[in-house]
Amino acid sequence: MEGQFINDTKKIHSTLTFNHVSYSVSNGNEKGNKTILKELSGRFKSGELTAILGPSGAGKTSLMNILAGFKISGTEADLQVDGCRRDSRSFRKMAAYITQKDHLLLHLSINEYMNFAAQLKLGNAVDEEEQTAAVERVMKMLGLSESRHTRVSCLSGGECKRLSIALELVNNPSILFVDEPTSGLDSASSLQCIELLRQIAHSGRTVVATIHQPSSRLLEMFDHLYILSGGKCMYQGSVADLVPFLATRNLICPNYHNPADFVMDVAAAEHGEVSVDLVDNVNRSVNHETNDGFFHGNGRFICALSQCVMLLFVSFLFFFVVS
Ligand SMILES: Nc1ncnc2c1ncn2[C@@H]1O[C@H](COP(=O)(O)OP(=O)(O)OP(=O)(O)O)[C@@H](O)[C@H]1O
Ligand SMILES: [Mg+2]
């Protein structure tokens with residue numbers, strides 16, 4: 001189904017790189033500013049589904065607002081698309097942002113909404129036939145064709161979320177930001193929604209979603225994690241590398257425990273103020289290497305290396321005792 005979507009539309013691969021992203025707001029009546037985000041750097045690649053994780057108030061939405069170009073005042077950021085400085089005008093055309101709250105008009109049907117979106121987003125540049133084809137393609141991809149005549153007021157929570165995503169997909173954006181796509185959805189609808197975002201990402205787009213407390217099954221569906229704690233990044237890398245990486249900092253995730261729950265506890269400082277150490281490590285690795293960081297890409301390698309050394313040592317001891 002999504003294959004059809006890929007083949008029928010122009011493919012644009014866009015990798016988003018950001019460096020030194022900071023965000024401060026005025027501290028109300030008190031003097032000075034409140035810093036929400038501190039010197040964040042990272043890279044979200046095309047073809048990957050990225051999750052921005054962190055406890056409530058960690059700065060997930062703030063970061064997404066800045067990356068999507070929604071928030072400019074009070075921010076400092078070096079943003080690049082495919083290695084070139086981001087031009088906000090062209091970026092607006094290639095990116096779409098789906099906010100946490102669905103701002104949908106209750107009296108319109110899916111069909112009406114989709115056709116309006118196609119007319120507004122594709123405009124006169126695309127003839128009516130092509131617009132209809134684009135609408136049909138996106139509705140089919142998101143499983144909305146069956147309920148096309150249903151009004152928004154009668155749609156389920158999952159269908160509303162899918163409609164919000166569908167409206168943004170009409171003009172085939174290459175970067176998609178989604179804030180809390182699973183909030184308010186049950187576990188089955190959450191899995192369906194993330195699976196959909198994964199398919200969109202794997203069709204060559206860059207998809208970034210903030211997420212609160214994913215189940216381990218949901219977590220495994222992401223290709224890349226960007227974890228925030230108090231406005232700073234404490235981990236960026238793959239899901240598979242997360243637990244080995246935490247182990248290198250003496251943070252052992254118990255067996256049969258959801259790594260997302262464990263890392264949220266770490267981020268919320270329930271294992272002591274270790275997140276400071278993790279943040280320092282991210283900053284060091286960002287400064288030394290690429291934005292992915294040495295430890296994050298190599299957590300498993302370090303574990304494997306230490307196991308090899310241990311094995312060699314035991315073999316040597318055995319040989320020594322036998323001889
Ligand atoms: N304009 C603002 N003025 C004052 N404080 C702000 C402003 N914008 C964000 N904040 C504060 O910044 C912090 C981060 O907010 P943000 O919405 O980014 O968190 P979040 O990680 O998305 O949280 P949640 O998971 O609850 O959505 C919060 O403490 C919030 O109160
Ligand atoms: Mg938020």
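I started with the fold elements and found 12 helices and 10 strands in the protein chain (DSSP runs, H or I of at least four residues for helices, E of at least two for strands, numbered from the N terminus). This is a predicted model, with local features needing pLDDT of at least 70, side-chain atom pairs counting only at pLDDT 80 or more, and totals for chains, interfaces and linings using all residues. Residues are numbered from 1 along each chain as its sequence is written, while chains are lettered from A and ligands numbered from 1 in the order in which they are written.

Next I looked up burial: 37% of the 323 residues in the protein chain are buried (20 or more other C-beta atoms within 10 Å of a residue's own, C-beta atoms being placed from the backbone).

Then I turned to a helix pair. The axes of H4 (residues 110-122) and H6 (residues 157-169) come within 9 Å and cross at roughly 25° (axes are lines fitted to C-alpha atoms over the stretch in contact, with angles from 0 to 180 degrees between N-to-C directions). So H4 is roughly parallel to H6 (angles under 35 degrees count as such). I noted Ile110, Tyr113, Met114 and Ala117 on the H4 side of the contact, and Leu163, Ala166 and Leu167 on the H6 side (C-beta atoms within 7 Å).

Last, I checked ligand 1. Among the residues around ligand 1 are Val25, Ile36, Lys60, Thr61, Ser62 and His212 (C-beta atom within 6 Å of the ligand). Helix H2 (residues 60-67) gives the most to this shell, with 3 residues.

Technical notes. Parallel < 35°, antiparallel > 145°, perpendicular 65-115°, else oblique. Contact = placed C-beta atoms within 7 Å. Buried ≥ 20, exposed ≤ 12 C-beta atoms within 10 Å, placed from the backbone.
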